[in-house]
4 protein chains.
Amino acid sequence: MNVDAIQKSLREFAEERDWNRFHSPKNIATALAVEAAELLENFQWLTEEESRRLAERPEEFRAVREEIADVQIYLLRLADLLDIGLEAAVRDKLALNAAKYPVALAKGNALKYNRLCP
Amino acid sequence: MNVDAIQKSLREFAEERDWNRFHSPKNIATALAVEAAELLENFQWLTEEESRRLAERPEEFRAVREEIADVQIYLLRLADLLDIGLEAAVRDKLALNAAKYPVALAKGNALKYNRLCP
Amino acid sequence: MNVDAIQKSLREFAEERDWNRFHSPKNIATALAVEAAELLENFQWLTEEESRRLAERPEEFRAVREEIADVQIYLLRLADLLDIGLEAAVRDKLALNAAKYPVALAKGNALKYNRLCP
Amino acid sequence: MNVDAIQKSLREFAEERDWNRFHSPKNIATALAVEAAELLENFQWLTEEESRRLAERPEEFRAVREEIADVQIYLLRLADLLDIGLEAAVRDKLALNAAKYPVALAKGNALKYNRLCP
């Protein structure tokens, strides 16, 4: 994903519309949480099994694809506003997770996943 | 951002720990919304102005960087599980937004941003 | 539930600590959403069946009870700040729901619950 | 607020529509978080000051009143499903908060509210 190019076009999109005064990191973090909940809404009454076969429901699938894009857009915007490199932040967190959840422990404690997992 | 490479390592991370049974799209969408709220938590009592100067608070800044990574990780995982191309989804949504919020209308209605914006 | 008495004690709690400047409706609505996500976090990796038997997990049960209280507290505070009568708002919404989801339609369309339900 | 009476009517509402199979605590906690985000959505682009004067915007005010009711309804339902007394849970949490945030400390550390507050 070309993070720089998308962030640049988001920056221009906001500037052209005079929206920067609304785009404080606080407000964008709020919008991001709202979009994440709208994404979740599509799954709320489905069983886990139905969610694995979401592609069988074209209307929901399309809605989910759009909400995933909305979350990604606000995440790119927030990282840009705070000058946080997205890929480096992800790599650092993956290294942390690997140290925090060693394979042996994780496999041996699957029943305690709720407390163990990220 | 190398989406394929990160998704591959996330897939392997889950497989090695026998976590795929927990990773239904429904559960991952839930975890994503929870992480988005944890990200938001760092901003909840800040003013918008303080949020624009988050870099002055190193501890909060570091926490925000980690939460941004967590949201990105679950988003990559969810897109992978549903076989949704993340960058294409974003591009399609940006095209939709450009049509939905024409510059002229958006600038002329800044006061109604709450109803107008994405 | 004695709504007035609890709202009064919440009001005094905030005043004594000089917290009213943080308690804009926007901030309280944010804190409420964050608490609702923390409540949800306790369920995120449980199956639906396990969630029905939450009482068998005393530690999670206690955490859920506390988070439910946090959500209720912020909801009471928000309603107070906006001068919205909580019970009347609930009664009005229940009347709306009864009109929106007539028994015959709801039973006949159980498969479409995801689109039909509140 | 007559908690028992509302919970009874919610229980009957679900039974009449054959919705109990959807109403696992996990799903209700999800619906609650989604509604809390919808409530928050009404505030996301407002300034804190505008949110304090929400009554001046009748349309948003009505929407907020409805979303507050939705959150309350799911909270009552969840407490009922888990057999948690809502008022006792609130009272216990208020006692905890009073011990956790003594007036002297809270007033003396207003600048650190973000880390101090509930």
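In this predicted model, the domain assignment divides chain A into domain 1, covering 3–84, and domain 2, covering 85–117. Between the C-alpha centres of domain 1 of chain A and domain 2 of chain A there is a separation of 24 Å.

Attention now turns to chain C, where C:Asp4 belongs to helix α1 (residues 3–16). The relative accessibility of C:Asp4 is 59%, and because exposed means over 50%, this residue counts as exposed. C:Asp4 and C:Gly85 are 81 residues apart along the chain, and their C-alpha atoms are separated by 9.7 Å.

The contact between chain D and chain C can be described next. Chain D contributes 73 residues to the contact, and chain C contributes 73 residues. About 6600 Å² of area is buried between chain D and chain C, with carbon and sulfur atoms giving 68% of that area.

A salt bridge links D:Lys93 with C:Asp70, with 2.6 Å between the closest N and O atoms.

On the side of chain D that touches chain C, at least two residues are supplied by each of several helices, including α1 (3–16), α2 (25–41), α4 (58–81) and α5 (86–100) of chain D. The largest share of that side, 13 residues, comes from α4(D). By residue class, the side of chain D that touches chain C comprises 45 nonpolar, 12 polar and 16 charged residues.

Methods:
Residues are numbered from 1 along each chain as its sequence is written. Chains are lettered from A and ligands numbered from 1 in the order in which they are written. This is a predicted model: local features need pLDDT of at least 70, side-chain atom pairs count only at pLDDT 80 or more; totals for chains, interfaces and linings use all residues. Side-chain values use heavy atoms; hydrogens and water are left out. Domain bounds come from an automatic or database domain assignment. Helices (H or I, at least four residues) and strands (E, at least two) are DSSP runs, numbered from the N terminus. Buried means under 20% relative accessible area, exposed over 50%, partly exposed in between (1.4 Å probe, protein chains only). Contact means heavy atoms within 4.5 Å. Buried area is the accessible area (1.4 Å probe) that two parts lose on being put together, summed over both. A salt bridge is a side-chain nitrogen of Lys or Arg within 4 Å of a carboxyl oxygen of Asp or Glu. Ala, Val, Leu, Ile, Met, Phe, Trp, Tyr, Cys and Pro count as nonpolar, Asp, Glu, Lys and Arg as charged, and the others, Gly among them, as polar.
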